[in-house]
Amino acid sequence: MKNFIYTSDIVDLNNFIDKSIKLKQLPNKYSMMGNNKTLGMIFFNPSLRTRLSTQKAAQNLGIKAITMNFNDEGWPIELEDKVVMDQNKSEHIKEAARVMSIYCDFIAVRAFPSLESKKKDLEDKVINGFKRYASVPVINMESSIAHPLQALADAITIKENKKNKSPKIVLSWAPHPKALPHAVANSFVNITKRMDAKLTITHPEGYELNSDVTNGVYVTNDQNEAFKNADFIYAKNWSSFNNYGKVFKKDLDWMITKSKMNLTNNAKFMHCLPIRRNVVASDEVIESNNSLILNQVENRIYSAQSVLKTIIENG
């Protein structure tokens with residue numbers, strides 16, 4: 001692994017998950033591995049868990065972290081090639097990536113989609129631009145179409161908490177007042193498809209994800225049917241993909257409630273956070289003994305630490 005852009009950068013997923021769980025048991029065992037190395041973390045969008053967990057992961061390996069909120073502290077970046085830069089963009093990504101490569105041993109980037117142009121968002125221009133022009137490894141802290149560090153933490157959490165060899169996992173759309181990206185859902189589907197699990201996706205009509213991602217997965221518009229005998233319920237909102245970025249449904253009948261969780265096989269509840277209480281899921285569900293949301297939060301450290309450790313080991 002040279003870069004970590006998508007979950008597909010992990011070759012042997014099961015082995016990687018097992019190594020991450022072992023690392024969690026002795027998080028400071030490799031505290032000198034990153035001595036004299038620097039991680040540059042660039043944020044084009046807000047972050048709580050991703051920023052703190054990735055920085056903590058770096059510290060556990062002895063790596064120093066430099067953080068920059070680019071929209072407030074950096075020059076506006078141009079992503080297109082062969083443009084005349086006579087408007088509001090002052091710095092090209094070619095220079096930005098190369099400059100950071102001089103100062104840092106790794107570059108981690110967080111940049112959300114516009115949800116306006118499907119074509120541009122699918123190109124994932126910010127993270128792939130850094131990958132293209134940087135001379136050091138690049139790590140995706142959530143891009144237009146992917147959140148691989150979250151998905152890896154989710155996979156670790158499922159492995160730690162599953163009660164049978166091949167659990168039924170349900171990714172359920174849930175309501176939200178704003179149009180949200182597809183990144184978390186995309187990466188969760190992509191990583192779960194590679195696990196020993198039975199994945200079901202449920203959402204209202206009009207909220208289909210990218211068919212390239214969901215190919216081969218059972219999808220239903222009947223949430224109650226999907227929940228039957230489920231072992232894990234992962235709640236997440238996303239906007240429409242086919243009618244790109246649109247929100248059609250805001251009522252709460254798709255909210256995850258205790259009565260819906262009662263349809264399951266005593267399922268564990270998962271969500272990537274932040275969560276809109278009593279919109280995405282009820283207080284009862286979020287605070288139940290079956291809620292794994294804080295387990296996922298903790299495992300964000302070890303997903304990032306495993307990635308950084310592997311990149312160092314691979315030179």
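Does Ser 282 count as buried or exposed, and at what relative accessibility?

## Ser 282

Ser 282 counts as buried, at 9% relative accessibility. Buried means under 20% relative accessible area, exposed over 50%, and partly exposed in between (1.4 Å probe, protein chains only). This is a predicted model, where local features need pLDDT of at least 70, side-chain atom pairs count only at pLDDT 80 or more, and totals for chains, interfaces and linings use all residues. Residues are numbered from 1 along each chain as its sequence is written, and side-chain values use heavy atoms, without hydrogens and water.

Leaving aside neighbours within four places in sequence, Ser 282 is in contact (heavy atoms within 4.5 Å) with Met 255, Ile 256, Thr 257 and Lys 258.

## Asp 9

Asp 9 is partly exposed, with a relative accessible area of 26%. Residues up to four places away in sequence aside, Asp 9 touches Met 1, Asn 3 and Phe 4. A polar atom of the Asp 9 side chain lies 2.7 Å from the backbone nitrogen of Ile 5.

The largest pocket holds about 700 Å³ of space. A pocket is an open set of points on a 1 Å grid over the protein atoms alone, with protein on both sides within 12 Å along at least five of seven lines; lining residues have an atom within 4 Å of a point. The volume is the space filled by probe spheres set on the points.

Its lining has 29 residues, and Ile 77, Leu 79, Lys 89, Phe 112 and Val 126 lie nearest the centre.

Key:
A polar contact is a pair of N or O atoms within 3.5 Å; within protein, one must be able to donate a hydrogen and the other to accept it, and residues adjacent in sequence count only if both atoms are side-chain atoms. On a 1 Å grid over the protein atoms alone, a cavity is a set of points where a 1.4 Å probe fits but cannot get out, and a pocket is an open set with protein on both sides within 12 Å along at least five of seven lines; lining residues have an atom within 4 Å of a point.
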